[in-house]
Amino acid sequence: ERIMSILGFVLIKNEEDIIETTIRHLLAEELDHIYAIDNLSSDNTPIILNKLAIEFPDKITIIKDNEFAFYQSKKMNKYISIYAKENDWIIPFDSDEIWIASKSQTLKSYLNNTIYEVIECPVWDMIPTLYLSVKNPILDIKKKKITRQIFPVVAFKYNKKAWLADGNHQVKHFGLRNYGDIEVCHFQYRSFEQFCNKLNNGKKRLSIAAWLTKIVHNKKNKL
């Protein structure tokens with residue numbers, strides 16, 4: 001019987017200040033492989049990813065995504081279906097997330113021993129201060145909001161009928177579910193400059209996606 005793998009998938013756009021820390025954390029959590037989908041980053045993100053891929057050649061695959069528009073669900077599901085095998089565990093993470101299993105277990109140790117097939121993971125937003133280190137904001141930002149986000153993110157056992165929603169908040173899956181055995185710390189805002197860049201990039205990608213969707217819709221109506 002084939003031993004299942006623990007696979008991470010991330011869609012990245014200009015995350016030079018945090019992506020290395022995030023990937024190294026997940027490798028320390030014993031993920032078998034990480035697929036980094038680089039969406040036309042214009043900062044040092046590609047250089048950082050290449051450096052990590054050289055250091056961990058059997059653990060990291062870099063995928064070049066040349067479509068500027070933001071279709072997260074479509075792109076994530078595409079590459080998950082290409083690289084995952086039946087019953088592999090999928091961790092669809094964002095660059096600014098740190099995933100932690102309960103009871104001091106690694107993610108791999110927990111997932112290899114759980115009876116569940118979908119884990120709904122509560123997300124805690126981390127609160128930045130005025131004094132942040134440029135080198136590693138995750139080490140500086142230690143305070144989290146009192147209440148977690150309304151919507152969790154998910155990890156799941158792959159099958160061909162599974163479908164991951166936008167934001168990685170839900171997955172179409174009929175397997176047994178658990179809530180809370182894995183938690184996620186979300187480092188969304190890490191500096192004023194990073195906040196402005198994130199806002200501008202997000203607006204551009206979402207507007208292009210909306211424009212393309214409108215064109216497709218109008219073409220269908222004319223047929």
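Two strands pair if DSSP finds at least two bridges between them, and strands (E, at least two residues) and helices (H or I, at least four) are DSSP runs numbered from the N terminus. The model in these views is predicted: local features need pLDDT of at least 70, side-chain atom pairs count only at pLDDT 80 or more, and totals for chains, interfaces and linings use all residues. Residues are numbered from 1 along each chain as its sequence is written, and side-chain values use heavy atoms, with hydrogens and water left out.

**View 1. Strand β4 and its partners.** Let's start at β4 (residues 89-92), which pairs with strand β9 (residues 153-157) in the antiparallel sense over 2 bridges. Here I90 stands opposite F156 of β9. With strand β1 (residues 6-12), β4 pairs in the parallel sense over 4 bridges, and I91 is the bridge partner of G8.

**View 2. The two faces of β4.** W89 and I91 point one way from the strand, I90 and P92 the other way, and all are buried (under 20% relative accessible area, 1.4 Å probe, protein chains only).

**View 3. The largest nonpolar core.** A nonpolar core is a set of buried Ala, Val, Leu, Ile, Met, Phe, Trp, Tyr and Cys residues joined through side-chain atoms within 4.5 Å. The largest one has 31 residues, and I23, I91 and I182 are among those with the most contacts inside it. A second, separate core of 18 residues includes L7, Y35, Y79 and Y158.

**View 4. Around I182.** Leaving aside neighbours within four places in sequence, I182 is in contact with residues including W99, L107, L111, I119 and P122 (contact means heavy atoms within 4.5 Å).

Key. Buried < 20%, exposed > 50% of the residue type's maximum accessible area, 1.4 Å probe, protein only.
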